[in-house]
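Let's take a walk through a protein model and see how a few of its pieces sit together. Have the sequence and the 3D view ready.

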Amino acid sequence: MDKSQLIADAIDALCELGVGKDQQNDRSAMTLLALLQLKPGDDWPQATNPMLGTRAIMDWIRDYYGVDYKPNTRETIRRFTLHQFVIAELVEENADQPDRPINSPKWNYRITKDTLNMLRHRGGSNFELILKEFLEHHESYQSLAEERKNMPKTPVTLPSGAALNLSPSGQSLLIKAMVEEMLPRFAPGCQVAYIDDTDHKHGAIDPALLDELGISLKAREKAPDVIAWDAKRGWLFLMEAASTHGPVDVTRKKELHELFAEQWNKIVLVSCFPDRKTMQKYLALLAWETEAWCADTPDHMMHFNGSRFMGPYGE
């Protein structure tokens with residue numbers, strides 16, 4: 001098959017496997033083809049399943065499909081394609097070392113053997129029967145997502161007194177603590193402008209405030225988990241919920257600097273953890289001139305160097 005046919009067929013395959021709507025696109029199709037090591041001219045029976053890191057996946061897409069994703073797209077592929085493939089058990093992480101540290105450069109992904117065997121039959125006379133059998137034993141991402149929708153939500157009360165419901169899993173409990181415990185202690189009277197929870201359904205809580213602050217979040221996947229404005233001190237809090245990933249390390253600080261360049265002289269960067277044990281895993285990674293907060297000791301804040309305990313540093 002030529003390039004366009006193979007990508008279109010990969011999208012069809014993902015739809016048949018019940019991936020989410022956000023994964024029914026060229027990006028996810030080419031990621032699947034890279035994991036299967038299928039290039040234009042190949043057919044499904046030629047698929048293999050080596051262990052590949054995100055960079056190797058992007059290189060394969062560039063070399064064989066002509067799409068040169070920028071380095072900062074790596075997080076998009078990881079969060080909005082690979083993450084969902086793993087949840088649906090189409091892909092496995094670190095088959096060679098399941099306990100690999102989350103910040104390891106050797107972190108990798110591999111198509112599962114069941115998925116590989118099923119996809120190798122794609123286009124064959126008995127494929128529909130094989131696909132049906134596969135789906136009977138593998139719950140799709142869409143069905144898992146529907147189950148999450150029916151689960152009890154996580155209620156959160158904003159500093160203004162307004163209430164909203166976050167997704168029932170993932171980072172939601174930590175985000176709830178950040179809004180209800182951290183902000184009243186360290187930014188009393190602040191306004192929450194933005195929350196990005198597990199299912200990415202919220203986003204702009206106060207669009208007018210974001211406009212007033214000159215914040216445009218077109219690159220949604222790069223936005224911090226919580227944005228809060230302390231008008232009294234003129235401080236803009238960018239807060240990351242880091243229960244399993246995502247503290248403000250050097251790379252993340254640079255990304256946030258690019259995204260909030262116009263507001264940088266107002267910025268306070270905070271990595272938030274559920275407990276000190278979790279924070280300990282990331283201490284060596286946290287960027288200087290940032291803050292760290294733990295939900296299990298809400299009255300305390302750890303400051304990483306700089307000329308003041310907490311506050312913006314400007315340029």
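## A residue tucked away

Let's begin with Thr278: at 11% relative accessibility, Thr278 counts as buried. Here buried means under 20% relative accessible area, exposed means over 50%, and partly exposed is in between, using a 1.4 Å probe and protein chains only.

Thr278 is part of helix H11 (residues 276-282). If you skip its neighbours within four places in sequence, Thr278 is in contact with Ala242, Ser243 and Phe273. Contact means heavy atoms within 4.5 Å.

## About the model

This is a predicted model, where local features need pLDDT of at least 70 and side-chain atom pairs count only at pLDDT 80 or more, while totals for chains, interfaces and linings use all residues. Residues are numbered from 1 along each chain as its sequence is written, and side-chain values use heavy atoms, with hydrogens and water left out.

## The whole chain

The protein chain has 11 helices and 11 strands. Those are DSSP runs numbered from the N terminus: helices are H or I with at least four residues, strands are E with at least two.

Of the chain's 315 residues, 48% count as buried. Take the contacts between residues at least 6 apart in sequence: 56% of them join residues at least 24 apart.

## An enclosed strand

Why is strand S5 (residues 191-195) largely enclosed by the rest of the structure? Because four of its five residues are buried.

S5 runs antiparallel to strand S7 (residues 226-230), and four bridges join the two. Two strands pair if DSSP finds at least two bridges between them.

## A kinked helix

Helix H4 (residues 74-87) has 14 residues, which should span 20 Å at 1.5 Å a residue; its end C-alpha atoms are 18 Å apart, which agrees. The expected span is 1.5 Å times one less than the number of residues.

H4 also has a kink of about 30°, centred on Thr81. The bend at a residue is the angle between axes fitted to the seven residues ending there and the seven starting there. Thr81 is among the buried residues of H4, as are Ile77 and Phe80.

## Two crossing helices

Helix H2 (residues 26-35) and helix H3 (residues 54-65) pack at an angle of about 100°, with axes 9 Å apart. That makes H2 roughly perpendicular to H3; the label covers 65 to 115 degrees, with under 35 roughly parallel, over 145 roughly antiparallel and the rest oblique. Axes are lines fitted to C-alpha atoms, for helices over the stretch in contact, and angles run from 0 to 180 degrees between N-to-C directions.

Where they meet, H2 residues including Met30 and Leu33 face H3 residues including Ile57 and Trp60.
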